[in-house]
Amino acid sequence: MAFRSELMGASARFGRRDAALTMWLDRESVFSWLMMALPLLFLAAFVGYPFFYGILLSLQDRPVAQAGTFVGLKNFITDIHDPIFWRVVFNTFVYTGAATLLKMVGGLGLALAMNQHFRMKNIVRASLLLPFIVPTVLSTVAWLWMLDPAFSVVNRMLIGLGVPKPGPSWLGNPYLAMFSIIMINTWRGLPFYGITLLAGLQTVPPELYEAATIDGASGWQRFRFVTFPLLKPIILIVTLFSIIFTFADFQLVYVLTHGGPQNATQLFATYAFDIGLGAGQLGLGASIALAMLPALALLIVGLTLYMRKQ
């Protein structure tokens with residue numbers, strides 16, 4: 001009897017502990033942190049470590065295959081006095097601003113067109129993803145061939161329309177090279193905008209359009225007062241991601257122009273790569289890469305605060 005009563009008491013204690021543990025796990029704050037634990041560990045291992053190691057490198061004079069020497073902010077001061085660095089800053093902001101604006105306008109128009117009812121619309125929607133799912137290097141090599149001065153398909157079409165031979169040097173002229181990489185980045189990023197905004201359009205209740213039509217609203221007024229306000233949060237989020245990806249773009253520019261001609265298309269990522277690995281100055285290259293961080297941080301904070309107000 002004594003053993004049985006002791007066993008029942010132990011079972012009761014374990015039952016109370018299980019109930020307390022269940023109640024603790026059911027708390028929203030605890031459950032949220034448990035769900036976030038694995039992603040946070042992943043970020044700490046694969047994002048946090050390279051980031052802080054990059055900061056450490058930027059504070060050192062670190063040639064390749066040699067021990068680093070702590071120099072403080074000397075690398076950043078060198079960047080400030082480097083005229084190519086300021087050209088890189090200008091190029092990056094022009095490239096990011098122009099490509100993001102074109103992708104936002106084009107993607108919105110693409111989403112509105114794909115939201116209409118027409119034959120084979122599912123096939124057309126699926127085909128929109130092709131520029132986005134094809135590996136960047138592969139599609140960029142195809143563009144490199146299309147813009148080649150000797151074998152350019154684009155130039156052959158222009159010559160057929162009356163442009164003097166041999167046609168423009170798309171990647172050899174500083175202005176045309178910047179124009180070319182902006183257009184190719186826009187072509188590649190349009191599906192991301194278009195598909196995301198199309199998903200947002202699918203959530204707009206048709207009753208709102210019907211009510212606006214009954215009230216006599218035109219197509220532009222329906223877009224301005226119904227569609228755009230409901231899509232605005234999605235547009236801001238997609239724009240934020242697009243700016244981050246475009247600001248740090250590397251593969252497309254490096255394959256097409258390698259930052260040339262005359263540093264006309266040199267961006268933060270390509271210039272940091274050339275200095276860090278090409279010239280063997282890891283510390284200086286890390287400082288150039290980190291120079292983009294303040295601008296991105298201010299932009300992210302600004303857009304986040306704006307979205308919270310909305």
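Reader: What makes helix 13 mostly covered?

Author: The count does. In this predicted model, eight of the eleven residues of helix 13 (residues 268-278) are buried. Buried means under 20% relative accessible area. The buried residues are Phe268, Ala269, Thr270, Tyr271, Ala272, Asp274, Ile275 and Gly276.

Reader: Which helices do the buried residues of helix 13 pack against?

Author: They pack against helix 4 (83-114), helix 11 (219-247), helix 12 (251-256) and helix 14 (282-290).

Reader: How many aromatic pairs does a search of the whole structure find?

Author: The search finds 13 aromatic pairs. One of them joins phenylalanine 51 and phenylalanine 52, with ring centres 5.2 Å apart and planes at 70°.

Reader: Why is the pair of phenylalanine 51 and phenylalanine 52 called edge-to-face?

Author: Two values settle it. Centres must lie within 6.5 Å for a pair, and planes over 60 degrees apart count as edge-to-face. The centres are 5.2 Å apart and the planes stand at 70°, so the pair is edge-to-face.

Reader: Why is phenylalanine 52 called exposed, and phenylalanine 51 partly exposed?

Author: Exposed means over 50%. Phenylalanine 52 has a relative accessible area of 54%, so it is exposed. Phenylalanine 51 has 34%, so it is partly exposed.

Reader: How do you know that the rings of phenylalanine 93 and phenylalanine 247 are edge-to-face?

Author: Their centres are 5.4 Å apart and their planes are at 85°, so this pair is edge-to-face. The pair links distant parts of the chain: phenylalanine 93 lies in helix 4 and phenylalanine 247 in helix 11, 154 residues apart.

Reader: Is phenylalanine 247 buried or exposed, and what is phenylalanine 93 called?

Author: Phenylalanine 247 has a relative accessible area of 4%, so it is buried. Phenylalanine 93 has 44%, so it is called partly exposed.

Reader: Which residues do ring pairs link into a cluster?

Author: The cluster holds Phe85, Trp86, Phe93, Phe247 and Phe268.

Reader: What makes helix 10 roughly antiparallel to helix 11?

Author: Helix 10 (residues 206-214) and helix 11 pack at an angle of about 160°, with their axes 10 Å apart. Angles over 145 degrees count as roughly antiparallel, so helix 10 is roughly antiparallel to helix 11. Helix 10 passes helix 11 in a right-handed crossing.

Reader: Which residues meet where helix 10 touches helix 11?

Author: Leu208, Tyr209, Ala212 and Thr213 in helix 10 meet Arg222, Val226, Thr227 and Leu230 in helix 11. The residues of this contact divide into five nonpolar, two polar and one charged.

Technical notes
Residues are numbered from 1 along each chain as its sequence is written. This is a predicted model: local features need pLDDT of at least 70, side-chain atom pairs count only at pLDDT 80 or more; totals for chains, interfaces and linings use all residues. Side-chain values use heavy atoms; hydrogens and water are left out. Buried means under 20% relative accessible area, exposed over 50%, partly exposed in between (1.4 Å probe, protein chains only). Helices (H or I, at least four residues) and strands (E, at least two) are DSSP runs, numbered from the N terminus. Contact means heavy atoms within 4.5 Å. Rings of Phe, Tyr and Trp (its six-membered ring) pair if their centres lie within 6.5 Å; planes under 30 degrees apart count as stacked, over 60 as edge-to-face and the rest as tilted. Axes are lines fitted to C-alpha atoms, for helices over the stretch in contact, and angles run from 0 to 180 degrees between N-to-C directions. Angles under 35 degrees count as roughly parallel, over 145 as roughly antiparallel, 65 to 115 as roughly perpendicular and the rest as oblique. A crossing is left-handed if the near helix is turned anticlockwise from the far one by less than a right angle, and right-handed if clockwise. Ala, Val, Leu, Ile, Met, Phe, Trp, Tyr, Cys and Pro count as nonpolar, Asp, Glu, Lys and Arg as charged, and the others, Gly among them, as polar.
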